[in-house]
Amino acid sequence: MTARNLLLLPGDGIGPEAMAEVRKIIAYMNAELGAGFTTDEGLVGGSAYDAHGAAISESDMEKALAADAVLFGAVGGPKWDDVPYEVRPEAGLLRLRKDLQLFANLRPAICYPALANASSLKPELVEGLDILIVRELTGGVYFGEPKEIIDLGNGQKRGIDTQVYDTYEIERIAGVAFELARTRNNRVCSMEKRNVMKSGVLWNQVVTETHKRSYSDVKLEHMLADAGGMQLVRAPKQFDVIVTDNLFGDMLSDVAAMLTGSLGMLPSASLGAPDVKGRRKALYEPVHGSAPDIAGKGIANPIAMIASFAMCLRYSFNMIAEADNLEKAIAEVLDSGVRTGDIMAEGCRQVGTVEMGDAILAAF
Ligand code: NAI
Ligand code: MG
């Protein structure tokens, strides 16, 4: 049997509470489905800072590099607001993204039928929505040089950020999007602003060439990113896979996420380049943070974390049936009216983190 090595980094706040529910699913899959997961644990964020004075220790970084996949909870909280910038909790996540070279951020926006009424849009616009935003995560304006504030000496300052993309960066993110499209509905929409940005002109060219060279079976469409934003809130179901750069992807994925309801529902995956065996380094995490306002109360919604694990089954281990079943279990539990406080609605039954995890496990 293939070994499947997971590193669990629960982190701070509600991170450990949500991770505990995933641990139950892993134990069940090992005992009942012979899944063969081995798990190791590490510290990240504020809890790592308290233990080692760093946002992640070197030995936990080594474990992350050796694992088939990393499951990450959340980091941060008021307790660490004043720690030095280099060791602040978020530095642990940034280090993982950088050292594992996680250049592809996958953000699904799925509207569970039972929550269609919770959207800010009309239910009929979002019911059945299932789109995947593929955001470039390691390049673009967040990392390009020069990046500085210059004193112009005349009472004025100048803030500079630089959008930079090289061919290989666009090719590899486009490749991820096209490959994912083949496992879905064979459609990709690429978004940039070629009308005003040189990097957008190059993005458009490279995506078009990559498509022509290796993925001409997939339907490719191009859209200006601002028009894409409008279309996302006007008629989101027209999209399937969207591929875009770091900055536009940051905003568009947050917009798309809110079409589908609460922060407590949203999973994500970050993937790296394939190794010689074709396996990608990968990290799976909920979109939400450590939620200090509800931490320790046992009321956090574990679905974002559990759905992140479903993505892990799908993308790191090719366990498609198991991933589908886990996502179906989430939908079933929501249909049955079981809800955590953040997604509570009239006529439903409110439960805590552990009961929600138990209900999903029972339906799995
Ligand atoms: P947050 O996502 O932690 O919380 C925002 C609001 O949503 C809060 O009211 C919270 O109670 C609620 N919420 C979030 N997840 C929930 C869940 N699973 N179930 C029920 N309610 C949930 O964002 P916030 O408050 O801006 O940041 C709190 C801390 O988390 C900060 O230290 C921040 O830096 C950190 N953070 C960490 C992230 C990460 O680890 N990737 C991402 C975002 C923030
Ligand atoms: Mg964002």
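Author: Helix H10 (residues 303–317) and helix H11 (residues 320–335) have axes that come within 7 Å and cross at roughly 160 degrees, where axes are lines fitted to C-alpha atoms, for helices over the stretch in contact, and angles run from 0 to 180 degrees between N-to-C directions. Helices (H or I, at least four residues) and strands (E, at least two) are DSSP runs, numbered from the N terminus. That angle makes H10 roughly antiparallel to H11; angles under 35 degrees count as roughly parallel, over 145 as roughly antiparallel, 65 to 115 as roughly perpendicular and the rest as oblique. The crossing of H10 and H11 is left-handed, a word used if the near helix is turned anticlockwise from the far one by less than a right angle, with right-handed used if clockwise.

On the H10 side the contact is made by Ile303, Ile306, Ala307, Ala310, Leu313 and Arg314, and on the H11 side by Ile320, Glu322, Ala323, Leu326, Glu327 and Ile330; two residues are in contact if their C-beta atoms, placed from the backbone, lie within 7 Å. Sorted by class, these residues of H10 and H11 are nine nonpolar, no polar and three charged, where Ala, Val, Leu, Ile, Met, Phe, Trp, Tyr, Cys and Pro count as nonpolar, Asp, Glu, Lys and Arg as charged, and the others, Gly among them, as polar.

This is a predicted model, in which local features need pLDDT of at least 70 and side-chain atom pairs count only at pLDDT 80 or more, while totals for chains, interfaces and linings use all residues. Residues are numbered from 1 along each chain as its sequence is written, and chains are lettered from A and ligands numbered from 1 in the order in which they are written.

A second pair can be set beside this one. The axes of helix H6 (residues 167–182) and helix H7 (residues 198–214) come within 9 Å and cross at roughly 50 degrees, which makes H6 oblique to H7, and their crossing is right-handed. In this pair Thr167, Ile170, Glu171, Ala174, Gly175 and Phe178 of H6 meet Leu202, Trp203, Val206, Val207, Thr210 and His211 of H7, giving a contact of seven nonpolar, four polar and one charged residues.

As for the whole, the protein chain has 12 helices and 14 strands, and its C-alpha trace spans about 55 × 50 × 45 Å along its principal axes.
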